[in-house]
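Please open the model in your viewer and keep the selection tool ready. Each stop below says what to select next and what is to be found there.

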Amino acid sequence: MEKKTAKAFAPATVANVAVGFDILGFPLDAVGDTVTVERIDPAPGASPAVTLAGTDGVVSTLPTDPERNTATAPLIRLREDQGLPFGFRVSVRKGIPLSSGMGGSAASSVGALTAANSLLPEPLPRESLLKYALLGEELASGSPHGDNAAPCLLGGLTLLRSLDPVEAVRIPVPEGLRVVLVHPHRELDTRSSRGVLPRDLPLKEYVAQSSRLAAFVAACYAGNLDLMARSLKDGLIEPRRAPLIPAFHSVQRAALQAGALGCSISGSGPSVFALCRSDDEAEKARRAMAAAWEAAGVPCDSWTGRISQAGARILENGQAGGAA
Ligand code: HSE
């Protein structure tokens, strides 16, 4: 029987990962968005449409115009490209706070695309959904960067070799590696956070950052966490964005003193991530980072976990009116 509804989970993502601005990211399953998509057959003589039934959860103030919402806009293009004779009704439950640097817009797009794709007569390969997810990123931030959308969609520590054509390289994750993600209760929109970055960068900074990116990737392949600790530093983007994040340096210091391998801004901020050698070390770093923000008068939420290898996934598929 044809499937009529699908619910998908799309995880939060840490983009940039200190050394790979716009090209490196990974998902964390501890927090994410859940998107339900229903296939809608148009009334006789009417055109199929993509509509937004509603948004709830930790965010409820997103654009309601389907052309401007990051969950629905990619589905409009998907429907047109594929010549689908039906439309979609979309409901979004946000687990990812707004303008948090945790890949919220990518998660809404990827969740909607993953659910809608499962309702197609012939679902597309996952990779081919990325170009639609990038439309959502462009809408949200004015830039079609893929370092949230690709890991959210595909899972794993993901390096984007190219966006057009899409070529995403999955980097191995060393045994034991754990993530800490801390979100201060502040908003920083990606557009403003990109706005402080210069168009051109000094050659010397580029060379230093390239060596750290290459060493970080080598550390992943070799499982060499000491090399990772020496490499996981951002000399290019972090110094320019840190002033936008209250108490950033105290939080970073707290993570490193607690034994984290490295700590930097998650995506465009203001959330901050750390990588650690074990569950115990991650828990220690999480507490230290949260305490540093609380001491600065900034309440926060925090999570720990592994880099998710799964990415977005279907939770339920079913007939309209009830999930199978
Ligand atoms: N690479 C992007 C940026 C990620 O840092 O602006 C945005 O989440």
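Select Glu80, which is partly exposed, with a relative accessible area of 48%; here buried means under 20% relative accessible area, exposed over 50%, and partly exposed in between (1.4 Å probe, protein chains only). The model is predicted, so local features need pLDDT of at least 70 and side-chain atom pairs count only at pLDDT 80 or more, while totals for chains, interfaces and linings use all residues. Residues are numbered from 1 along each chain as its sequence is written, and side-chain values use heavy atoms, with hydrogens and water left out.

Glu80 belongs to helix 1 (residues 73-82), where helices (H or I, at least four residues) and strands (E, at least two) are DSSP runs numbered from the N terminus. Now colour Ala73, Pro74, Leu75, Ile76, Leu78 and Arg79, which are buried residues of this helix. The buried residues of helix 1 pack against several elements, including strand 2 (24-40), strand 4 (87-94) and helix 3 (130-141). Just past the end of helix 1, select Gly83, which has a positive phi of about 60°.

Next, go to Ser118, in the loop between helix 2 and helix 3. Ser118 is buried, with a relative accessible area of 11%. Which residues does Ser118 touch, not counting residues up to four places away in sequence? They are Lys3, Ala6, Pro123, Ile314 and Asn317, contact being heavy atoms within 4.5 Å.

Move on to Gln252 in helix 9 (residues 248-257), a residue that is buried, with a relative accessible area of 14%. Leaving aside neighbours within four places in sequence, Gln252 is in contact with Glu238, Cys263 and Ser264.

The last stops concern salt bridges, each of them a side-chain nitrogen of Lys or Arg within 4 Å of a carboxyl oxygen of Asp or Glu. How many salt bridges does a search of the whole structure find? It finds 13. Display the side chains of Asp41 and Lys4, which form one of these salt bridges (2.8 Å, N to O). Asp41 lies in the loop between strand 2 and strand 3 and Lys4 in the segment before strand 1 (5-15), so the pair ties together parts that are 37 residues apart in sequence.

Finally, select Glu205 and Arg240, whose salt bridge has its closest N and O atoms 2.8 Å apart. This pair links distant parts of the chain, with Glu205 in helix 6 and Arg240 in helix 8 (residues 238-241), 35 residues apart.
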